[in-house]
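Hi,

Here is the structure I promised to pass on. Please open it and keep it beside you while you read.

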Amino acid sequence: DVAIADGKIAAVAANIPASKAFKVVDASGLYVVPGLIDMHAHVYAGTGQRAAYDGDNSVYPDGFTFRSGVTTVADAGSSGWRNFPDFKDRVIDRAKTRVLAFLNIVGAGMGGAVEQHVSEMDAQAAAAMAARYKDTIVGIKTAHYEGPEWISVERAVEAGTLANIPVMVDFGTFRPERPFQDLVLKKLRPGDICTHTYLGWVPMLDDQGRLLPYLLEARRRGIIFDVGHGGGSFLFRQAVPAMRQ
């Protein structure tokens with residue numbers, strides 16, 4: 001039995017008399033766990049931006065978190081170093097859910113076409129904003145980049161190094177000029193995160209369905225693989241054999 005008083009765990013024991021409780025919830029057959037952490041969410045809602053994660057593609061956290069046992073979310077780069085203060089005022093400071101953030105290396109965040117603007121990828125500015133809000137900003141994010149260069153990843157890693165926080169990468173468009181294998185074996189640091197692991201573009205299995213060895217090497221390096229699928233970016237034909245192996 002678990003007793004709760006004033007919003008905190010008051011006792012854990014084999015049998016706590018129900019007569020002592022104001023309310024009793026029968027949780028038999030259910031899992032009772034601490035509040036879950038969703039490390040990849042998009043909750044920068046309310047800006048009015050169409051078809052953007054710093055707008056209509058985000059959701060207000062409280063309507064989706066508690067009903068799923070989630071008490072903390074990490075927003076995965078919806079805001080950047082320019083508009084993070086608005087995100088903080090508009091959502092973070094008003095939510096009952098604890099909201100942390102990966103700060104986008106792009107100043108305007110996930111606003112569509114602006115994500116391709118290299119001039120917006122400012123490592124110094126991102127690191128400075130992360131230092132200013134170090135209790136809320138837990139990492140740097142780069143996502144959706146389509147160009148052949150490594151610049152979005154390199155500047156994100158530079159910002160992460162300056163701020164001493166991890167980097168999360170949504171690799172965007174997979175291109176031969178910047179192989180995914182190099183991302184997880186060379187470009188990212190131990191503790192950095194590759195998200196959308198089971199995306200169809202990720203080189204994962206050989207023709208016999210065997211897991212490609214570089215993925216295990218990357219994990220030994222300390223790379224964290226985040227499922228991060230949300231409404232897409234997930235194929236069972238990738239995930240099932242990979243997880244079994």
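Predicted model: local features only at pLDDT ≥ 70, side-chain atom pairs only at ≥ 80, totals over all residues.

**Pockets**

Empty space can be found in a simple way. A probe the size of a water molecule is rolled over the atoms, and this shows where space is left.

How much space lies in the largest pocket? About 850 Å³. Its lining has 21 residues, and Val2, Ala3, Ile4, Lys23 and Val25 are the closest to the centre. Look at the strands next. β1 (2–5) and β2 (8–12) each supply at least two residues of this lining. β1 gives the most, with three residues. By class, the lining of the largest pocket divides into 16 nonpolar, one polar and four charged residues.

Now go to the second largest pocket. About 660 Å³ of space lies in it. Here 31 residues form the lining, and the closest to the centre are His40, Ala41, His42, Gly230 and Gly231. Which strand gives the most to the lining of this second largest pocket? That is β3, with five residues. β3 covers 36–41, and β4 covers 70–80; each supplies at least two lining residues. The classes in this second lining are 13 nonpolar, 14 polar and four charged.

**Helix pairs**

Two packed helices are described by two values: the angle between their axes and the distance between those axes.

Start with α2 and α3. Helix α2 spans residues 123–132, and helix α3 spans residues 151–163. They pack at an angle of about 40 degrees, with axes 8 Å apart. The crossing of α2 past α3 is right-handed. Which residues make the contact? From α2 come Ala123, Gln124, Ala126, Ala127 and Ala130. From α3 come Arg155, Glu158, Ala159, Leu162 and Ala163. This contact of α2 with α3 has seven nonpolar, one polar and two charged residues.

Then find α4 and α5. Helix α4 runs over residues 180–187, and helix α5 over residues 213–221. Their axes come within 9 Å and cross at roughly 25 degrees. Angles under 35 degrees count as roughly parallel, so α4 is roughly parallel to α5. α4 passes α5 in a left-handed crossing. On the α4 side, the contact residues are Phe180, Gln181, Val184, Leu185 and Lys186. They meet Tyr214, Leu215, Glu217, Ala218 and Arg221 of α5. By class, the α4 and α5 contact divides into six nonpolar, one polar and three charged residues.

Best wishes

Definitions and conventions:
Residues numbered from 1 in each chain as written. Heavy atoms only, no water. Axes fitted to C-alpha atoms, helices over the stretch in contact; angles between N-to-C directions. Helix = DSSP H or I, 4+ residues; strand = E, 2+ residues; numbered from the N terminus. Parallel < 35°, antiparallel > 145°, perpendicular 65-115°, else oblique. Left-handed = near helix turned anticlockwise from the far one by under 90°. Contact = heavy atoms within 4.5 Å. Nonpolar A, V, L, I, M, F, W, Y, C, P; charged D, E, K, R; others polar. 1 Å grid on protein atoms, 1.4 Å probe; cavity = no way out; pocket = protein on both sides within 12 Å on 5 of 7 lines; lining within 4 Å. Points joined across faces, edges and corners; volume = space filled by probe spheres on them.
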